[in-house]
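Keep the view open as you read.

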Amino acid sequence: MVTGLGADWADRCVATRRLVLTSPALLAYAAHHRAEVEQRITDRLAGKLALPPGDLRPQVLAEVTTTAWRLAARPWVHGGGQGGLPTLVERVARAFRAIPASLELSAPERPAVAEL
């Protein structure tokens, strides 16, 4: 469970995200910050898993993690944070649960087209 954020956290989060969306400079800063977070996650995973330098798997996991968070949070923010933090937490959990099945997706085979 998430604790320590304060009763008004959801409102502040929504207001902040809405402000960021109005400013190219703030959007750029948010992208920069996200890249730093992804790099810290990558470094931590690579170290804990004793992976060799250049192994792409920790970076893939880091970016999948932040993408899942953004996909869960975006509609919550656009909806005004309806349901508060518990709703956001459930949306994030649902996004993470969708990752394994998403990785197993494949396009159906298309029938061969006869050459004219």
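1. Helices (H or I, at least four residues) and strands (E, at least two) are DSSP runs, numbered from the N terminus. L45 lies in helix α2.

2. Some ground rules. The model is predicted: local features need pLDDT of at least 70, side-chain atom pairs count only at pLDDT 80 or more, and totals for chains, interfaces and linings use all residues. Residues are numbered from 1 along each chain as its sequence is written, and side-chain values use heavy atoms, with hydrogens and water left out.

3. Take α1 and α2. Helix α1 spans residues 9–20 and helix α2 spans residues 24–48. Their axes come within 8 Å and cross at roughly 115 degrees. Axes are lines fitted to C-alpha atoms, for helices over the stretch in contact, and angles run from 0 to 180 degrees between N-to-C directions. The two helices are therefore roughly perpendicular (65 to 115 degrees).

4. Who makes this contact (heavy atoms within 4.5 Å)? From α1, R17, L19 and V20; from α2, L26, L27 and A30.

5. Now α1 and α3. Helix α3 covers residues 57–78. Its axis and that of α1 are 10 Å apart, at an angle of about 95 degrees. So α1 and α3 are also roughly perpendicular to each other. On the α1 side, the contact includes W9 and R18; on the α3 side, W76, V77 and H78.

6. Back to L45. L45 touches P58 and L61, leaving aside residues up to four places away in sequence. The C-alpha atoms of L45 and L61 are 8.8 Å apart, across 16 residues of chain.

How values were computed:
Parallel < 35°, antiparallel > 145°, perpendicular 65-115°, else oblique. Contact = heavy atoms within 4.5 Å.
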